[in-house]
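Please read the following report alongside the sequence and the model.

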Number of protein chains: 4
Amino acid sequence: MQSVDFSPSLRAADLTARVKDFIDTEIAPAEEGYHRDLAEARRTGDPWQPLPLIEELKTKARERGLWNLFLPHEHAGAYAARFGTDGGEGLTNLDYAPIAELTGRSAIAPLVLNCNAPDTGNMEVLLRYGTEAQRKEWLEPLLDGRIRSAFTMTEPDVASSDATNMEATAVVDGDEVLINGRKWWSTGVGHPDCTIFVFMGLTDPDADRHHRHSMVLVPRDTPGVKIERLLNTMGVYDEPLGHGEVSFTDVRVPLTNVISGPGEAFAIAQGRLGPGRVHHCMRLIGLAEMSLELACKRGLARTAFGKPLANLGGNRERIADARIAINMARLLVLDAAWKLDVGGPINALSEVSQIKVAVPAMAQQVIDFAMQIHGGGGLSDDFPLSGAWTAARALRLADGPDEVHRGVVARLELGRYGASR
Amino acid sequence: MQSVDFSPSLRAADLTARVKDFIDTEIAPAEEGYHRDLAEARRTGDPWQPLPLIEELKTKARERGLWNLFLPHEHAGAYAARFGTDGGEGLTNLDYAPIAELTGRSAIAPLVLNCNAPDTGNMEVLLRYGTEAQRKEWLEPLLDGRIRSAFTMTEPDVASSDATNMEATAVVDGDEVLINGRKWWSTGVGHPDCTIFVFMGLTDPDADRHHRHSMVLVPRDTPGVKIERLLNTMGVYDEPLGHGEVSFTDVRVPLTNVISGPGEAFAIAQGRLGPGRVHHCMRLIGLAEMSLELACKRGLARTAFGKPLANLGGNRERIADARIAINMARLLVLDAAWKLDVGGPINALSEVSQIKVAVPAMAQQVIDFAMQIHGGGGLSDDFPLSGAWTAARALRLADGPDEVHRGVVARLELGRYGASR
Amino acid sequence: MQSVDFSPSLRAADLTARVKDFIDTEIAPAEEGYHRDLAEARRTGDPWQPLPLIEELKTKARERGLWNLFLPHEHAGAYAARFGTDGGEGLTNLDYAPIAELTGRSAIAPLVLNCNAPDTGNMEVLLRYGTEAQRKEWLEPLLDGRIRSAFTMTEPDVASSDATNMEATAVVDGDEVLINGRKWWSTGVGHPDCTIFVFMGLTDPDADRHHRHSMVLVPRDTPGVKIERLLNTMGVYDEPLGHGEVSFTDVRVPLTNVISGPGEAFAIAQGRLGPGRVHHCMRLIGLAEMSLELACKRGLARTAFGKPLANLGGNRERIADARIAINMARLLVLDAAWKLDVGGPINALSEVSQIKVAVPAMAQQVIDFAMQIHGGGGLSDDFPLSGAWTAARALRLADGPDEVHRGVVARLELGRYGASR
Amino acid sequence: MQSVDFSPSLRAADLTARVKDFIDTEIAPAEEGYHRDLAEARRTGDPWQPLPLIEELKTKARERGLWNLFLPHEHAGAYAARFGTDGGEGLTNLDYAPIAELTGRSAIAPLVLNCNAPDTGNMEVLLRYGTEAQRKEWLEPLLDGRIRSAFTMTEPDVASSDATNMEATAVVDGDEVLINGRKWWSTGVGHPDCTIFVFMGLTDPDADRHHRHSMVLVPRDTPGVKIERLLNTMGVYDEPLGHGEVSFTDVRVPLTNVISGPGEAFAIAQGRLGPGRVHHCMRLIGLAEMSLELACKRGLARTAFGKPLANLGGNRERIADARIAINMARLLVLDAAWKLDVGGPINALSEVSQIKVAVPAMAQQVIDFAMQIHGGGGLSDDFPLSGAWTAARALRLADGPDEVHRGVVARLELGRYGASR
């Protein structure tokens, strides 16, 4: 008689348990050392040179079949079997969600499991829209974890929340594409293995609003590509991936590097962003859970005015509110993932925007409370909280600011009552 | 491969559709007239005398099998078949939830479908804990819609958020129970058919904290029972049920009127309140949905400064936030209902308290916005918004104030890390 | 050396003390009886017939010179001496503010001191813009407390937040004005002494946007004036003043009843609303103070879970937040009053809109907390809290909704950086 | 007739104008270069070595008499004339407040004007409680800008929000004091000129709760003093002052280094923190004003979806809310400063705690909005916003966490109704 059922599928439950075990036994014990080594590299050397630990853990993860788990069921094709979990056929968004939540608790787990942004999104784009040749050249090494990629879309000189503001150009010139412009917040360009950029630029200003732009594969070493600098968010550089400002000056690549044909960038972007946002949001939920856990433990371990901190003032209310907020946010993401699974991106347009608004705001709030109950230490890097806060804050802008997503939700809501836009 | 599934069961989907159709075709068209007649009765006559429309609609609802749908699957026994939907066997909490949401949109639908508080809770108590004789005498006429009931627990002279503060007494005296005390916010006592009160009082002050109180069935016409006055919430009397202040002076009833034995009141209360809170919350979600719908329609229909109100300032953001908040709240309630279904009240202790905190606050916020976009009219009774707001506000106190429920959630959360209380 | 000085002037301090004493000794002791009598009149008789107590208290107030204290220094002229405090010359807005706060704590004090809206605003209009004849006929009896007045501006059929939407007409026809239209939320029309309406309507649709409307004095008994009904806000009718819906059908008054000439309504309205909003806000601050006081007392007097309610959970934090919020709001209003005093309405345009946004929101929050700590009783009329909440909520719409005032503040802020609108 | 007067004294108005001019003409033009040089020093050299610009600007500020303006009127004595503005006699807290606001807009102005925390607080302590010899040795060089100081109170191993938790010891041993313990968040210890620490430790565990601790002057080069590391807040090290973790191992200083006698630390701390909190809060208000200004400018300069960002969605409402919040916060601080001036710290106990709660929360909110409207750039160090946010966030913990200050406000509020604590 029952149909609605909030329990995970057997396969997802099994994989989630295996990922949890791997994080608990392999990643977590190494993480403190990793951060110490990274801090040391920041002071004295080159934090952009990846620490060897990551490659060691990648090998272990792959041996256990915990690799490329993000690969979506409906587009995985043969790749899931070749590069994913043993016998894999790809997971639904709903099945992958709890795995993303687990990896979100760790700063390095997504990288170790080859499930980190923006590589996952770029791989998905190649999977869904790439030619055989493009897949061969870039998708396979990405799935293999041999190279990394970046997505260059946001621009420093215009409000990029409105993608039609984009000024960079990708002009078709015979059998080549001529690329010019400046991008920033291009995540991943700090990594030495990042050899391929997915570039988005204006191709035909006279086409209709959503067919003017193209997505083009631009190898990093193409002449005219220059990484101008690496940016920080609230003081955090997110090594070893990083976020860069990149200039493109008279860059030329073959026309075959265009993905899905000139003018198709918006169609691709729309398909690309649904699952990616689910992943981002589930990882933030992982961070929020970790923060609440730390807050409870600290609240019980430290004493002031004769009581554990947890029992002072409104702290218990804040713990309750955090629990409620996390649970609501997780359910909203799972529901969005389910709608993506059963009806595709168009079916989940409002839901994906809803989670993009709700989850970072929730996480920011929960993490802020956890910082507060940790006192001064909570703001320092003695705890993973300030980094977690920064991740949540950044996601209120990355992949579209809150305001744009609220606009989408409102438009669809008012559309039910006849509003045309 | 899929297991988590947010779609309703076929049976629930069918019943929900039938309830929706009944509301749309029978209740909604009559509702404006009902409110006009009630307002007239307030001015000139006796608003506590139920309007005949309700009985007419009750008959129709029952003919269609849309009757006592709240009856819980696990306790329905033969009653579901006799008094519920044709061939009925009771619904799960999860299946009933969307029906409760629909009835919440209407001020009279719960009454018409014999699914209103506090009768549902009282019926459930009799179903789960009543003797054969008690069921025969009170449960059957309640299921039949012939009588109504009240639950008298809260007291005016003590902070009743702490139930152990209760001062009213139910002393066992031979084969009788002697009852004294004063209760208020006893919902339902205004109705002329309300002939039976479930009374909660102190029986044995020396027993342990959770075995001191008893629940006793007290017929309204027992000597010593007096309805002192009817209370209003924010000016609203909620006729024809109402909320009363009731005094009990040397009231005597047979010992057989005690439910589940002396000292069992807390155990009963705990079991009683889970489903009831799910119902309350789902009805509030219905009110919030109705309010958002009215807000969107008004926002598109009226113009100021050359634009539809919906397009002014932050109104679209508020519409988006309302949509997100409603969706999150609904999912949280469905999850609590599911946990109640699969593991019973103890399994869902935190979840039920979570929804009691989250849903009224959400509804209050959404309805407040809808009032605001309606201008002055939104505060008057030209629209159902001010009544909806009052219902949401009252539920931040009824069935336990927010603060107590936050306390439960925090206690269980901290308990995961070893806190004893 | 000191110049900024937050202490009141000696005269204001003296008057404030005298008002406080009058409220404490004359009004407060009578207030409970007043409310009981009013409740009784609602049930059994005519609540619109003013209770004799008010007239008795008015006489006493006047004898003590606590009468028409609102009369503004700069426009009081000889009236302050004749109708105000003995030897009076009118108070500044800043000096009157603490008196308004005190009267706000009582439901009847403003009426008793002849300082209630909308009469104060209407008197001020006549003082500043009325002809000798208009003042003789309407201002003097108003100052004398013999008649009352209403302000009819808001309309039911359009979004009146945009005053240019106004559809009612006041057409000059020879030496008469022809008036047609429908108004609502006309405060005061329920009172039997309310004999004069200040009507606002469209005179010349071809004039520029701010010179199309006129303000016209319309005696209530003019043929064609009809009070259609009295409206409630959240169930509250605010007897004996009330808020009415009024229709005007081919109503004719002499051209001499126009205030300050045809087309001058906007200029008058702008001058009228500054002090009125200061009064409203200070009265709400009085309500918030009263609510916080009740919350503290209840929080100390009642016990749950072994502690005074004040010491449970986040209650102390909420008390602190309420104290902080009230203090900030009061300072903002005093600053606005000071700016009105030193530079007039244009000087305080942003400040007056700022308080209209900040104060009702603050009061709503503080009162909501006070209701919550009172439990069920807090929502009933056993305490003055639900009425206070309704007053605060209504003021988020009355005299311009929050959204419009935020628009004014933002426009002036952006204007500092060159934005034209 | 007017007494309350929000305009500044002539002297304060003059000094504020001179400080504004100095910042506009000398500091602001140099600031971008300063930050560039500091960023360069972070990458390649030693950011703790102060850049020469600071000393150059200090000289200019002193020449203009804009030096040590914080010196409080009532304790300035001859020092104001010798080390402050020409002919200076010290300012009231109220007069200094707008100057602090101005300096808060700049990352270096407080240092340049010799008005930065914690030196101001330490100088004030020496001024009020120091012996002649202590003043000679440490106060004069501090006033002269030749040395810097730190305040070591917070400890890593206990919840320092409860000062009685303090575990570090300052034991009187003959004519010496023996010091042991570990402190952190000791602001200023990163600076090479920081030669004197004010240390707070437990002297007599058997004394009453507020006479157990002493404040002791500990020169940095005393054997046993070790700066263990420098801490960051949200990635920011606040060079060149910094926040350090400092260990004290069997450190011995003469008994004459105790300030105001053993056991007097709490009395000193209470007096020290009032003005310091006013300064902190006014500087944050300066940051909030600067952020709102940047938000408005960016909102007008950038365009999306065919409109300036300022005109999209709820941005104008957020600008209005920011303006209102800043104004209310400023008035609250001015009122606290005035109460400090007229009645001293005990008179302003609640007010000082009120501003410590209200202002950082306000600033955090306003700055967050400014970051959001700047897009990705707002989170980077291309703008001063992320640094400003961190300053506001840190002040929700520094000088007592929000929760402790809310506790003070609530205690005093409830005390009006008889609560003993």
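The contact between chain A and chain B takes 42 residues from chain A and 42 residues from chain B, two residues being in contact if their C-beta atoms, placed from the backbone, lie within 7 Å. On the side of chain A that touches chain B, the elements giving two or more residues are α8 (265–301), α9 (315–347), α10 (349–373) and α13 (402–415) of chain A, and the largest share, 14 residues, comes from α9(A). Helices (H or I, at least four residues) and strands (E, at least two) are DSSP runs, numbered from the N terminus.

This is a predicted model, in which local features need pLDDT of at least 70 and side-chain atom pairs count only at pLDDT 80 or more, while totals for chains, interfaces and linings use all residues. Residues are numbered from 1 along each chain as its sequence is written, and chains are lettered from A and ligands numbered from 1 in the order in which they are written.

A further contact takes 36 residues from chain C and 36 residues from chain B. To the side of chain C that touches chain B, at least two residues each are supplied by β3 (176–187), β8 (303–304), α11 (376–379), α12 (385–394) and α13 (402–415) of chain C.

Chain C is superposed on chain B by a rotation of 180° with 0.0 Å of shift along its axis (RMSD 0.0 Å), by least squares on the C-alpha atoms of residues with pLDDT of at least 70 in both. That is the relation of a two-fold axis. Of the residues of chain C, G235(C) comes closest to the rotation axis, its C-alpha lying at 2.3 Å. Because 100% of the interface residues of chain C are also interface residues in chain B, the copies meet through the same surface.

Among the local features, strands β2 (residues 169–173) and β3 (residues 176–187) of chain D pair in the antiparallel sense over five bridges, pairing requiring that DSSP finds at least two bridges between the strands. A170(D) has I179(D) as its bridge partner in β3(D), and in the hairpin of these strands, which has two residues between them, G174(D) takes a positive phi near 65°.
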